[in-house]
Amino acid sequence: MSNPHTSAPETATRPLVEVKNLRVVLPLIEGNLTASDGVSFTIPEGKTLGLVGESGCGKTITAQSILKIAPRNSRTSGEILLHYPDRPPVDIVSLGPKDDELLSIRGGEAAMIFQEPMTSFSPVHSIGNQLLETIYLHRTRDKAKAHEIAVAMLQKVGIADPAAALRKYPHEFSGGMRQRAMIAMALASQPRLLIADEPTTALDVTVQAQVLRLMRDLQRDQGMAILYISHDLGVIARMADEVAVMYMGSIVEYAAVRDLFHAPKHPYTKGLMASVPRIGKKSGEPLESIKGNVPVPINKPVACGFFPRCPVAIAGVCDKAVPPLVDVTPGHRSACFLYPEVVAAAGLPQGAANVH
Ligand SMILES: Nc1ncnc2c1ncn2[C@@H]1O[C@H](COP(=O)(O)OP(=O)(O)O)[C@@H](O)[C@H]1O
Ligand SMILES: [Mg+2]
């Protein structure tokens, strides 16, 4: 952490999770797909890191790596350090699939919620049985106490008649209720980290707003850290303390939420902002969107991944070298050759990118 170019944005708190140079490669028939390509970030204790980018940028696979649930045949390298208050950190990448340590992290220290809550529930058991199972496993073996905790959790997430809800099956809940029940289940183990992967994407805006508020309230009460994943910058603006913008498996911009929204540095981030109503646009102005699609990162060229879609790309530079992610203002990192700090960090001569 001594090199200012590689340090995370300044935070007053201690790191809970440090991801260092994470690479996740999926061997496919068409070639090697690099879903996560040298990703580094820090989730501070009790804070929210937003991970944002269009669909296909590698957000989910990166998050799954923290729980070691990335696709079965994937190859992972790098480090994912989980810090503890009273013992040395554990490198999750180095744990075996059956390691007790990994099993206590999954659903214990760290829990995950998804866009589709049916994937975290079994359809054939009642909500109550599933919630109680988590509580038995991670909190208490005492039946009466476990029941009390289950009722309290459902109350906390705003389910009106918790005793009746415990007897219901997942399909008997509305989408918003299922989302709340999934949050209750994820938080029942009192995790120190909650990974939230687009949990409100399928909900209508009113319910989405309620669920976002609920997560913020629960974070304040329980002091957990959140990795909040979304393709929606508006949601990220509401939830995150710091934001990492991901494109084609790499983080291209990383800053405190205020800095990112007030002064975005990377052309990709600017493009994302231009396509969101209310952010960076006066009402009535037409929305622009970034042209083209996220390429599938198979056999990635040695170039900026955004080059083919970038409105300000510099031919001969951006298509010839990979821009490193470094500070372009204190604590605000961008991986773009428009910034002399990035040109210098790549070892290119200053002036190489002086086209603009
Ligand atoms: N199980 C899989 N098999 C093959 N390719 C996958 C699999 N899961 C994800 N991918 C590919 O990996 C890349 C990253 O996917 P993902 O992490 O799901 O992105 P995001 O969550 O940002 O939408 C995409 O190109 C996607 O098509
Ligand atoms: Mg995803």
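Q: Which element gives the most to the lining of the second largest pocket?
A: That's α3, with 6 residues. Helices here are DSSP runs of H or I, at least four residues, and strands are E runs of at least two, numbered from the N terminus. This is a predicted model: local features need pLDDT of at least 70 and side-chain atom pairs 80 or more, while totals for chains, interfaces and linings use all residues.

Q: Which residues lie nearest that pocket's centre?
A: Of the 21 residues lining the second largest pocket, Gly-107, Met-112, Ser-120, Thr-134 and Met-185 lie nearest its centre. A pocket is an open set of points on a 1 Å grid over the protein atoms alone, where a 1.4 Å probe fits, with protein on both sides within 12 Å along at least five of seven lines; lining residues have an atom within 4 Å of a point.

Q: And which elements give it two or more residues?
A: β6 (110-113), α3 (127-138) and α6 (175-187) do, for the second largest pocket.

Q: OK, the largest pocket: what lies nearest its centre?
A: Asp-37, Gly-38, Ser-250, Ile-251 and Leu-325, out of 32 lining residues. β1, β2 and β10 (250-256) each give two or more, and β2 gives the most, 6 residues.

Q: Switching topic, what order do the strands of the open sheet take?
A: β2-β1-β4-β5, with antiparallel pairing (at least two DSSP bridges per pair). β2 (31-44) and β5 (90-91) are the edges, each with a single partner strand, so one side of each has no neighbour in the sheet.

Note on methods. Residues numbered from 1 in each chain as written. Chains lettered and ligands numbered in written order. Heavy atoms only, no water.
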